Amino acid sequence: MIEYRKRCIASEAIATLETGGIGKVVIAGAGVSMLGIELAARFRELSVFETDADAASMARKRVLVAGLGFAEGSRLQCLEADARDLSGTRAVLGAAGWGADLPTLLIVEGLSYYITKEALRRHWRALAPASRIILEYLVPPADVGEARRCIPERVFGLIREYGSSEGEYPCWREGELRLEEGLQVERLWAMEAIEGELAVGDPLFSRREDGWIEIALMRRGEAHA
Ligand SMILES: C[S@@+](CC[C@H](N)C(=O)[O-])C[C@H]1O[C@@H](n2cnc3c(N)ncnc32)[C@H](O)[C@@H]1O
């Protein structure tokens, strides 16, 4: 599943950047993911800002990037910032040269279950029009087929104690995202659809309800009055 998620997000990010108009990428909760390094190496004019609340992991990442030949000359910065704190995150990004008034591609992978929905909303509502958001999210247990419902409940049970102030780990539904103010869902990927695209011989996800995460590509429109 992680492989499908990573391949889908990388290919959506590349397709979005290839259409032009976006010169900055923010990867929130980037951790040890190589996506930022790959995007910065592939698109040499692109400014990539990775943020993570874990200062030690960003410090290690900076050392890693400095030693990678193919990342040489790329515009990648690894910054410490807590996604629950929008103004603090924007101050860190601003000091690093990110401009709030230009379209950004915001990638939220492996993070949405650690922070509240309101905290996430604050991020995308503050983005400039024509920005894009790639959001990987958990679907509510009730939407997962009975045979697999226990998997996310067990795996993410610990997250309740770790990051969310909601008591439960935050889940999203397609219908809810489609109603989000100032956002348009451009594409939405369930595991079943990703697997179909990859033409996997022996499918693990035959129906949408076989998967417990999904990925949405959304566009920031004009803010409503
Ligand atoms: C499961 S890892 C995902 C890493 C990477 N995005 C990926 O998908 O491979 C979650 C990451 O989110 C970071 N994280 C957790 N809470 C955060 C917060 N409030 N603000 C920023 N980063 C956070 C953790 O430090 C960790 O690096």
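Let's start with a pair of strands: E6 and E7 run antiparallel and are joined by seven bridges. Keep in mind that what you're looking at is a predicted model. Within this pair, leucine 188 sits opposite alanine 216 of E7.

| Residue | Opposite residue in E7 |
|---|---|
| Leucine 188 | Alanine 216 |
| Leucine 138 | Isoleucine 213 |
| Tyrosine 137 | Glutamate 214 |

What holds such strands side by side? Strands of a sheet pair through backbone hydrogen bonds, and they can do so parallel or antiparallel.

Now zoom out. The seven strands form an open sheet with mixed pairing, in the order E3-E2-E1-E4-E5-E7-E6. Which strands stand at the edges? They are E3 (75-80) and E6 (183-190); each has a single partner strand, so one side of each has no neighbour in the sheet. From one strand to the next, the twist averages 20 degrees. Helix H3, residues 55-66, packs on this sheet, where it touches E3 and strand E2 (47-52). The direction of H3 makes about 160 degrees with that of E3.

Arginine 219 itself is partly exposed, because 18 other C-beta atoms lie within 10 Å, while a residue needs 20 or more to count as buried. Setting aside residues up to four places away in sequence, arginine 219 touches Ala130, Arg132, Leu183, Gln184 and Glu186.

Isoleucine 134 leads us to the inside of the model. The largest nonpolar core contains 56 residues, and isoleucine 134 is among those with the most contacts inside it, along with Val25, Val26, Leu106, Ile107, Val108 and Leu138. In soluble globular proteins, nonpolar side chains tend to be buried together. Take isoleucine 107: beyond its neighbours within four places in sequence, isoleucine 107 is in contact with Ile9, Ala13, Val25, Ile27, Leu35 and Ile134.

Finally, the ligand. How many residues are around the ligand? There are 17, and Gly29, Gly31, Ser33, Ala83 and Gly110 come nearest.

How values were computed: Residues are numbered from 1 along each chain as its sequence is written. This is a predicted model: local features need pLDDT of at least 70, side-chain atom pairs count only at pLDDT 80 or more; totals for chains, interfaces and linings use all residues. A residue is near a molecule or strand if its C-beta atom, placed from the backbone, lies within 6 Å of it. A nonpolar core is a set of buried Ala, Val, Leu, Ile, Met, Phe, Trp, Tyr and Cys residues joined through C-beta atoms within 7 Å. A residue is buried if 20 or more other C-beta atoms lie within 10 Å of its own, exposed if 12 or fewer, and partly exposed in between; C-beta atoms are placed from the backbone. Two residues are in contact if their C-beta atoms, placed from the backbone, lie within 7 Å. Two strands pair if DSSP finds at least two bridges between them. Helices (H or I, at least four residues) and strands (E, at least two) are DSSP runs, numbered from the N terminus. Axes are lines fitted to C-alpha atoms, for helices over the stretch in contact, and angles run from 0 to 180 degrees between N-to-C directions.
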